[in-house]
Amino acid sequence: MIFNITYTSLNFIFFVLATMLVYFLFPAKKYKWTVLLAASVFFYAVAGYKFAAFILFTSLTTYLIGLWIENVSVASKALLKAKKTDWDREQKKAYKNRIKIQKRLIMTLALVINFGILAFLKYYNFFAGSLNDMLGAFGIGFSAPTLTLFLPLGISFYTFQSMGYIIDVYREKTPAQKNPFKLLLFVSFFPQIVQGPISIYDQLAHQLFEPHEFDFTRVKHGMELILWGFCKKLIIADRAVIPINAVIADYNAYNGTTLTFTILLYAVQLYMDFSGGIDISRGVAQIFGIDMIDNFKRPYFSKSINEYWRRWHISLGAWLKNYLFYPIAMSNVFLNAGKKMKNSRFGNTAAGAHIAKVLPTSVASLVVFLVVGIWHGANWKYVMFGLWNGVIIMLSILLQPIFDGWTEKLHINKQALPFRLFQIVRTFLIVLVGYVFDVAPTMEQGFQTIGMFFAGQNLAEGWNQIFTLGIREYDYVVILLGILLVWIISLIQEKHADTDIRTMLDKKPFIARFAVVYLGIVAVVVFGIYGSGYNAADFVYMQF
Amino acid sequence: MKKKLYITRTVKLVCLFLALTLTFGILQSYVLCRIDANSIRLEGYYQEEKDSLDVVLLGASEVYTGFSSGLAYDKYGFTSYPFASESITADGTLLALKEIVRTQKPQLIVIELNAYLYAKDSNESHDAHIRKLIDNIPLNENKIEYISNNVPPEEQLEYYLPLIKYHGTWSDIPKMPRLVVTKLLQQMRGTSYLKGFRTTTDVFKPTEKVLNHKLAQETGTKKLNPVLEQKLRDLLDYCKEQKLDNVVFLRTPHLVYSKTYDRVKRANCAGEIVQSYGFPFINLERDFEKIGINPETDFYNYDHMNIYGTVKMTEYLSAVLCRDYHIRGRELSAKQKENWDKAGKYFHKLYQYCDYLIKEKHEKVQLMEDINTLQALEKY
């Protein structure tokens with residue numbers, strides 16, 4: 001980094017203000033998008049200049065291959081039109097199949113190149129290490145070398161986003177972008193490059209290229225969202241990360257109570273960090289008239305793990321659903337396997353019929369969550385994290401009739417508040433078990449931690465340990481008050497079906513609006529964790 | 001209609017901006033900041049009227065614990081002030097000298113050499129010692145130059161907006177009212193009573209064998225740390241460039257034992273360097289007996305004299321300054337005179353209070369220009 005331009009730095013605020021000024025005063029409306037492109041290039045050059053070649057390469061290959069796929073489509077359609085009368089049905093079908101295979105090969109080329117780069121940089125050492133361990137266990141002396149590799153800023157996010165675009169072009173859901181600079185803007189748009197959200201081309205691109213005039217309310221709403229993101233990130237997340245890091249640094253020194261507390265705190269920190277960062281990203285984009293997808297919908301209010309993953313990191317979930325889950329679940333292999341089972345003797349039983357019906361979905365879910373786990377990091381603990389979520393989802397799909405039977409027999413009203421609360425708590429506990437593998441340094445220590453939830457509790461010792469983790473009692477009070485505030489606002493949003501708090505605020509008297517913004521800014525300045533006395537944590541999802 | 005909307009929005013934004021500026025200004029100056037003896041002392045220095053001081057002493061804690069401006073005025077009639085900060089760095093000494101030159105035209109500037117006598121140069125990067133000085137210097141070209149030359153670019157903003165650094169001190173607020181009120185009262189008064197003086201009410205009994213009796217004859221030298229020597233030469237070059245012929249260098253008395261004996265030799269070396277540039281050097285460590293200092297009764301720790309030592313050193317040094325450097329008290333306005341008379345009286349009250357606390361064997365306390373001490377002195 002040439003200088004600090006992380007989203008919560010003063011430099012970033014000045015950078016956004018300067019970009020705003022140029023964007024809204026730019027005389028050539030048609031080319032306003034070039035201001036966003038210049039700002040994005042500048043941001044990337046400052047924040048990750050050493051690896052700029054990677055994002056340029058991905059943009060270039062995405063651009064060229066997108067055009068190539070489209071050219072093949074256009075040419076094939078033209079030929080089919082020309083041969084409309086010359087070719088019979090079979091000839092047309094054969095030609096279409098050939099073209100489909102050709103397009104698929106071209107698309108695969110883009111996927112292999114770009115996911116290959118990501119996989120190599122992110123996972124090479126993991127696989128080399130695992131291979132060495134495995135060969136060592138069999139007494140084979142071969143040793144794959146480990147390399148010093150660095151991850152370019154935002155590589156997971158821009159690779160997924162670019163490849164989503166390629167698949168959409170392949171599926172003819174979107175036309176290929178003819179202007180390489182516009183495509184570069186789509187890939188590198190600065191508010192989303194660090195930690196997403198992973199946008200779909202159709203949803204984002206046109207907004208980037210349209211000229212947006214200054215709109216006071218929109219800019220105000222954008223700034224309010226940024227302020228809210230700052231509150232979550234600087235006041236809560238960066239304060240909570242201090243004890244978490246202290247525990248991780250000396251993981252075996254703490255008892256079950258402290259580890260349980262740490263996992264709970266991690267749930268808070270991760271949500272505040274990631275959602276706070278996304279609020280900042282979305283707020284900045286909104287200032288420029290661009291509505292980015294919201295990545296969170298109060299995930300800790302979920303009543304099932306399935307629902308949790310629909311509310312958490314929504315853009316990644318949507319990407320995986322569109323580009324991985326459906327292709328697997330709808331593939332001939334899975335559909336045929338389901339049909340075979342349905343037609344077998346086992347398929348004639350009630351359980352068999354259900355399993356035959358949901359098998360493609362449940363297995364596809366397991367695969368998707370294995371990918372989610374691996375996406376989170378090159379470590380077996382992340383594989384375990386993905387597997388845990390995948391297995392729970394698979395079991396919940398497969399065992400649904402049994403659960404339904406239980407609730408019926410026990411006369412449980414599924415809509416009653418106590419049952420819904422039970423579902424929320426149960427889901428949260430399942431999520432926490434998954435987080436254990438995020439926090440624990442290794443998979444083995446993750447399993448030990450789960451054991452210590454039950455066998456390593458010592459409240460008095462844990463209480464003392466909690467206050468030796470680098471923050472003071474006052475800081476825990478601030479975290480608690482912060483959680484309370486976020487919880488109240490989440491409840492309001494939950495109750496009023498996604499009510500936009502900022503729109504609600506607009507309807508309040510001036511003095512109330514003034515007080516909220518004033519107190520928000522003062523709270524960030526006074527209670528935020530920043531400055532040289534602290535090492536403000538990078539955004540957690542930046543590492544992915 | 002649109003025009004009215006624009007005006008309303010602009011007014012609202014300006015109101016928000018002003019409210020935030022005011023809030024952060026107050027927080028930075030009085031609440032989320034470091035108020036301590038250093039800040040109150042330096043605040044007191046800047047309260048002194050321009051060109052109203054006859055002598056300014058520059059240095060570390062030895063200066064503000066060993067010399068009382070109130071006593072010097074009372075006995076010898078000249079005005080003085082310690083532009084001193086706890087463990088001042090060598091870079092800080094140069095900055096402080098530039099500040100003295102900017103704000104006063106004293107007959108004499110007395111520079112204590114402690115900052116240059118460390119065996120290592122780690123004090124130069126000691127954040128707290130740097131900030132204790134720089135945070136209390138108002139924004140001016142000297143401060144900007146210092147920050148540009150000495151602070152990494154990514155940290156410079158924190159020096160201009162200390163709130164960035166000290167915002168996390170909100171949890172100390174319950175302990176702070178004494179110092180906040182002290183600062184406010186001093187600002188309202190427009191002058192300090194103790195003129196930057198600070199002491200601790202204790203009589204130190206050394207556990208090490210004290211070697212001060214050898215110092216009068218000690219002429220040996222030991223080389224200064226190369227980094228610190230260069231900084232001393234930079235200071236001397238500055239004095240030469242600015243044609244400062246009113247600068248005198250000083251070494252105050254300390255309790256010396258085997259571990260700190262090298263420092264005495266380094267002081268001799270520094271004295272030789274200073275003299276080679278044509279500046280006088282007053283080495284009070286050699287004048288222990290002449291001053292009349294008693295190692296058994298006149299210190300509160302190895303490096304700092306207590307109130308009894310202060311009286312002896314202040315009287316001796318003042319006499320030297322008047323005799324050898326012809327310092328004479330200047331003509332004071334009625335208001336200035338009233339303030340300085342008060343400063344003289346306050347020192348005597350402080351002496352009686354310290355004497356009482358020490359003789360009655362009360363628990364040792366730090367006495368400085370804060371409301372608790374000033375209130376206690378009202379009884380005397």
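A:His313 sits in the loop between helix H11 (305–311) and H12 of chain A, where helices (H or I, at least four residues) are DSSP runs numbered from the N terminus. Its phi is near 45°, a positive value in a residue other than glycine. This is a predicted model, so local features need pLDDT of at least 70 and side-chain atom pairs count only at pLDDT 80 or more, while totals for chains, interfaces and linings use all residues. Residues are numbered from 1 along each chain as its sequence is written, and chains are lettered from A and ligands numbered from 1 in the order in which they are written.

- A:His313 is buried, with 25 other C-beta atoms within 10 Å; buried takes 20 or more other C-beta atoms within 10 Å of the residue's own, exposed 12 or fewer, and partly exposed is in between, with C-beta atoms placed from the backbone.
- Chain B has a histidine with positive phi too: B:His326, at about 55°.
- B:His326 lies in the loop between helix H14 (307–325) and helix H15 (334–359) of chain B, and it counts as exposed because it has 9 C-beta neighbours inside 10 Å.
- Back in chain A, the peptide bond from A:Gly196 to A:Pro197 is cis, with omega near 5°.
- You'll find A:Pro197 in the loop between helix H7 (190–193) and H8 of chain A.

- A:Leu208 belongs to helix H8 (residues 201–209) of chain A.
- With 22 other C-beta atoms within 10 Å, A:Leu208 is buried.
- Skip the neighbours within four places in sequence, and A:Leu208 is in contact with A:Trp33, A:Leu36, A:Leu185, A:Phe186, A:Phe189 and A:Ile290; contact calls for C-beta atoms, placed from the backbone, within 7 Å.
- A:Gly141 is 67 residues from A:Leu208 along the chain, and their C-alpha atoms are separated by 54 Å.

**Helix packing in chain A**

- Helix H3 (residues 52–82) and helix H5 (residues 155–170) of chain A pack at about 5°, with axes 9 Å apart; axes are lines fitted to C-alpha atoms, for helices over the stretch in contact, and angles run from 0 to 180 degrees between N-to-C directions.
- That angle makes H3(A) roughly parallel to H5(A): under 35 degrees counts as roughly parallel, over 145 as roughly antiparallel, 65 to 115 as roughly perpendicular, and the rest as oblique.
- By class, the contact of H3(A) with H5(A) has ten nonpolar, five polar and one charged residues; Ala, Val, Leu, Ile, Met, Phe, Trp, Tyr, Cys and Pro count as nonpolar, Asp, Glu, Lys and Arg as charged, and the others, Gly among them, as polar.
- Helix H12 (residues 314–329) and helix H14 (residues 350–376) of chain A pack at about 140°, axes 8 Å apart, which makes H12(A) oblique to H14(A).
- The residues of the contact of H12(A) with H14(A) divide into eleven nonpolar, one polar and no charged.

**Where chain B touches chain A**

- 19 residues of chain B are in contact with 18 residues of chain A.
- H1(B) gives the most to the side of chain B that touches chain A, with seven residues.
- The residues on that side of chain B divide into nine nonpolar, four polar and six charged.

**Confidence**

- Chain A has a mean pLDDT of 89, and 97% of its residues reach 70 or more; pLDDT is the predictor's confidence in each residue, from 0 to 100.
- Within chain A, confidence is lowest in helix H13 (residues 332–343), at a mean of 81, and highest in helix H6 (residues 180–188), at 96.

Note on methods
Helix = DSSP H or I, 4+ residues; strand = E, 2+ residues; numbered from the N terminus. Contact = placed C-beta atoms within 7 Å.
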